[in-house]
Amino acid sequence: MTNRRYNIIIAACLVAVLLCGSIPFSASMAASAAEEQTEAALLEMACKEEPQPHGWLLKWHDPAEAHELIGTQVIRRQHETAVWLVQPEEADADLCAWLGRLHSESGVEYVEPNGRVSILALPETNEQSGAAAQADESASKAQALAPAASEANDPELGKQNHLRQIGAIEAWKTAHDQTDLTIAVIDTGIDLDHPDLKDNLVPGTNLVQHGKQPDDDNGHGTSVAGVLAAVGNNGKGVSGVLWKAKLMPIKALDYRGDGTEQDLGEAILYAVRKEAKIIVLSVGLYRYSPYMRDIVEYAESKGVLLVAAAGNDGLSLGEKTAVKYPAAYSTVLAVGGVRPDNKPDPRSNSGPEIDLAAPWNVFTTAIGGRYKKEEGTSMAAPQVAAAAALIWARYPNMKPYQVRELLRQTTNDTGTPGFDNRTGYGLLRVDRALKTALSPDRFEPNDKASQAAFLPLDKQVPAVFGKNGDKDWYAVKAPYDGKLTVAYEALVPSGRTAPPIKVSYYKNNKLVQADETKLGSKTFEFSVGAGRQLLLIEPLNLDFKTDTPYLIEVSFRMAADVHEPNDKSIQAFLLQPKSQSVYGTFHQTADQDWYAIQFTSGGTLRARLSTNTVRIDPALAIQRAGQQLIVYDDLHEGETEQSPLLTVTPGRYYFRVHNAISSEASPVTGTYTLKLEYTPKYDDPNEPNDKYYEALSVSPGTEYIGLIGKSGDVDWFQLRLSRQSFVDMKLTGVPAGVRMRMEVYDKKQKQLFVQSSDDKGSAALTSKLFQPGVYYVKLTSNRPFDQQYYRFRVDTNELVAGFRDIGDHWARDAVVQLSSSGIASGTGKYAFEPDRSITRAEAVAMAVKAYEPSSVSTASGSPFTDMDAKHWAYPAVRKANANGWVKGFPDQQFQPDRPVTRAEMAVMIGYAEGLKPIEPSTSPFSDVHRTHWAAPMLYAMQKKGYVNGRKGNRYAPGDKASRAEYAMLLYRVYGKR
């Protein structure tokens with residue numbers, strides 16, 4: 001879920017425009033930095049759009065590859081999973097650059113945001129459906145009349161109808177205690193002093209406030225604990241499914257019920273370290289997290305069973321609902337909820353990952369030693385965890401996958417016959433689980449295609465190859481076109497070889513693809529279409545004499561949509577300029593889909609981005625070519641984002657679509673719809689501006705569009721100049737057959753200039769010198785037009801020290817000072833040309849003006865064959881030569897128009913300053929050897945602090961010196977006199 005409130009890129013000055021209901025998406029909206037933004041700039045912008053999480057989770061491929069990271073603070077290390085919680089060392093660090101470095105570090109597997117997780121509370125705005133409310137009311141009446149069961153003497157047992165629904169009271173005749181293993185409750189803590197809980201508690205931990213007890217300051221964890229194991233038959237309050245147990249409270253969520261993925265992962269690791277056997281998780285998020293997947297897999301590898309609630313958003317999200325993570329991971333028991341009448345509660349999240357269901361409504365413990373009604377899948381999950389604990393009490397040698405399977409095999413199928421996405425395999429029945437032996441392969445008989453057993457997606461299940469040629473057929477439903485991944489693992493004792501197997505994929509009873517392996521485990525992948533698929537798994541050796549159990553898991557990944565590849569703006573899929581709906585998918589990690597429309601006429605546009613799954617948080621961005629990318633991501637997972645009504649003008653527009661659930665969002669099973677509503681029309685966004693006192697104030701460098709919509713229409717624009725400036729005005733886009741007139745007036749309405757459009761539809765006013773003040777531009781035409789926009793632009797260059805080209809130049813101050821001292825002069829037409837190479841004549845002239853060497857006799861004639869007294873720089877060159885500042889070339893030429901190198905620049909100014917060269921013992925710069933002809937003077941200037949190197953301590957002695965560089969060095973040296 002995202003809490004962003006955009007529009008972050010739109011300037012504050014546009015708020016007033018937003019309030020008017022239609023945003024003109026023209027050049028007046030934002031200054032154009034370039035015709036096209038580079039991919040790097042877009043990446044940086046996208047990075048800044050994302051809210052910074054509570055640190056980042058960095059995973060190493062191998063713990064041995066872990067090493068210190070420059071510019072990175074390590075907040076916490078999790079050695080079991082080789083994961084570090086990190087953040088930039090500096091608070092103001094460039095986040096995009098920092099993340100880029102981490103991703104490129106050797107040994108790094110992933111870098112994921114440490115997102116927030118929350119308890120599975122009911123949506124505040126959600127109301128029960130009529131049927132659910134009626135069922136609850138009936139159940140409440142039944143509870144009030146129900147006598148207490150003779151098996152337990154807890155006075156509130158009559159209100160605990162959920163115990164009867166799951167057969168717990170009947171199961172107590174077989175077992176009701178489990179104190180041989182520890183059950184960790186990862187939640188908001190537990191009321192440690194509750195009279196109905198404290199005797200079943202063992203020491204835990206508080207990960208929210210380290211050093212404090214894991215006491216519950218929210219109430220959620222206490223209610224979960226009471227369902228699981230409120231002390232039974234103690235004459236107090238209520239009874240849990242377990243009468244006696246060892247509950248370990250782990251507080252990973254704060255008083256609001258919120259925490260982070262790292263907190264949740266650390267809580268699971270803590271439970272594993274403390275040898276908990278079962279972990280209850282009534283917490284979740286919709287985002288697939290590689291980090292949480294690693295944590296879950298680690299717990300499974302240690303023989304720990306995870307039980308998690310599916311979520312409570314089924315009614316509010318409808319068809320978009322999905323099972324929350326971690327319940328949706330393949331080895332976690334995912335628990336849905338049923339009403340008191342055993343029908344699926346519509347508020348319970350549904351999906352193929354659901355294993356089974358338990359009662360939604362309970363009566364349980366509350367903080368402060370109290371009791372209360374509670375509801376939700378958060379209350380269903382601990383019922384299943386307690387059942388698992390009782391199974392282990394009866395069958396202590398079972399593996400976690402066997403416990404999961406026995407719970408599935410012993411459910412009461414109260415929903416749609418067979419497996420369904422609302423209740424999985426059915427309603428939990430504790431009594432059946434304790435009286436029924438585990439079937440090693442519940443799918444048999446499935447030796448024929450006609451007997452294919454249904455496999456839900458994303459759930460690990462066990463099966464067995466029977467001896468003497470057993471074949472196992474499975475049916476899988478692919479929701480879309482995509483890829484099926486079949487993960488196979490043979491469960492053979494140590495020292496025994498797994499049989500070679502073949503996995504075949506059939507469509508419409510025809511073999512499409514087959515693959516084999518001689519290994520004990522392998523992942524197979526098949527490209528499939530939407531609908532029912534058949535898989536055949538069989539040993540290659542049909543005479544195999546021993547049963548071979550195995551685990552199988554089938555997962556699905558969306559195919560790329562028809563618009564791919566369109567992951568970058570330069571790959572944008574071109575759409576027609578019309579109203580339309582575009583359907584796409586996010587089939588890869590951090591997928592971004594770009595679209596483009598070339599509008600040939602203006603109009604209005606509204607864009608809507610929706611999705612059919614809560615696992616997508618739609619984020620929409622729109623950009624006119626050359627302008628800013630504007631992001632619309634104000635809402636949450638599964639909700640529709642939309643732009644305001646935009647006014648578009650002819651030109652190219654880009655549309656970026658991505659899943660903002662994470663900056664590194666994983667592939668998602670589901671689709672999005674980009675709906676574009678385009679109404680072509682031409683409006684003048686600058687009206688009213690028919691009078692000079694209504695003139696639209698223009699910003700230099702911005703393009704404005706307009707219309708002469710009716711006869712007699714006049715468009716006025718106003719230009720304010722605070723300094724003497726050169727002004728260029730350009731009018732383009734005049735329709736064929738139309739003549740436009742551009743008139744410029746001063747503030748007293750005195751006409752200064754007039755230009756008319758030519759046959760190419762343009763008019764220009766070029767390099768006119770304007771004094772500070774207010775000016776008006778009047779645009780008229782010989783006839784109206786409203787099917788094409790004209791374009792009007794004003795560019796200004798302020799005069800600084802008499803120059804038009806140094807206003808924002810890095811050497812501005814040096815040029816201004818030298819100019820005011822009469823040392824630096826321009827090159828004509830108010831230009832200094834700071835970035836042009838300086839010539840030898842120009843360089844000598846500036847040095848002589850600065851240092852004013854003594855005059856020399858010219859009677860002996862010119863010392864250089866290519867210069868005489870008529871050359872403008874001759875006097876300065878004679879003086880500089882006579883004083884030993886400069887020399888000619890071996891052919892007796894001076895070459896006054898030759899560019900000066902950076903080495904020559906330093907030597908010339910050094911001699912003019914009177915510096916004596918110093919022979920260096922080492923090279924002064926990485927690219928200036930100590931034997932270089934200019935090294936002595938460069939070394940002398942370096943010691944004085946006059947010169948320094950570029951990146952890598954380079955000086956680039958052979959590069960041409962610009963007029964700006966020469967002025968800056970001369971100012972630096974001469975200015976210290």
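Buried means under 20% relative accessible area, exposed over 50%, and partly exposed in between, with a 1.4 Å probe and protein chains only. By that rule Gly 167 is buried, because its relative accessible area is 5%. This is a predicted model: local features need pLDDT of at least 70, side-chain atom pairs count only at pLDDT 80 or more, and totals for chains, interfaces and linings use all residues. Residues are numbered from 1 along each chain as its sequence is written, and side-chain values use heavy atoms, with hydrogens and water left out.

**Confidence**

- The protein chain has a mean pLDDT of 90 (the predictor's confidence in each residue, from 0 to 100), and 91% of its residues reach 70 or more.
- Residues 1-46 have pLDDT below 50. Beyond near neighbours in sequence, this stretch has 100 contacts in the model (contact: heavy atoms within 4.5 Å).
- Residues 125-150 also have pLDDT below 50, with 33 contacts beyond near neighbours in sequence.
- Where pLDDT is low, the predicted coordinates should not be read in detail.

**Gly 167**

- Gly 167 sits in the loop between helix H5 (161-165) and helix H6 (168-171). Helices (H or I, at least four residues) and strands (E, at least two) are DSSP runs, numbered from the N terminus.

**Strands and sheet**

- Strand E16 (residues 361-366) is largely enclosed by the rest of the structure, because six of its six residues are buried.
- E16 pairs with strand E17 (residues 370-375) in the antiparallel sense over six bridges; two strands pair if DSSP finds at least two bridges between them.
- Within this pairing, Val 362 stands opposite Glu 374 in E17.
- The hairpin of E16 and E17 has three residues between the strands. There, Gly 368 takes a positive phi near 85 degrees.
- An open sheet of five strands runs in the order E37-E39-E44-E41-E42, with mixed pairing. Its edge strands, E37 (696-697) and E42 (751-756), each pair on one side only.
- Strand E41 (residues 740-746) and E42 are antiparallel, with five bridges. Met 742 has Gln 755 in E42 as its bridge partner.

**Helix H12**

- Helix H12 (residues 400-409) is mostly covered, with eight of its 10 residues buried.
- Among the buried residues are Tyr 401, Arg 404, Glu 405 and Arg 408.

**Backbone exceptions**

- Tyr 325 and Pro 326 are joined by a cis peptide bond, with omega about 15 degrees. Pro 326 is in the loop between helix H10 (314-317) and strand E14 (332-338).
- A cis peptide bond also joins Glu 687 and Pro 688, with omega about 0 degrees. Pro 688 is in the loop between strand E36 (672-680) and E37.
- Lys 829, a residue other than glycine, has a positive phi near 55 degrees. Lys 829 lies between helix H14 (812-820) and helix H15 (840-851), in the loop, and is exposed at 76% relative accessible area.
- Asn 953 is not a glycine, yet its phi is positive at about 55 degrees. Asn 953 is in the loop between helix H18 (935-944) and helix H19 (963-974), and is partly exposed at 38% relative accessibility.
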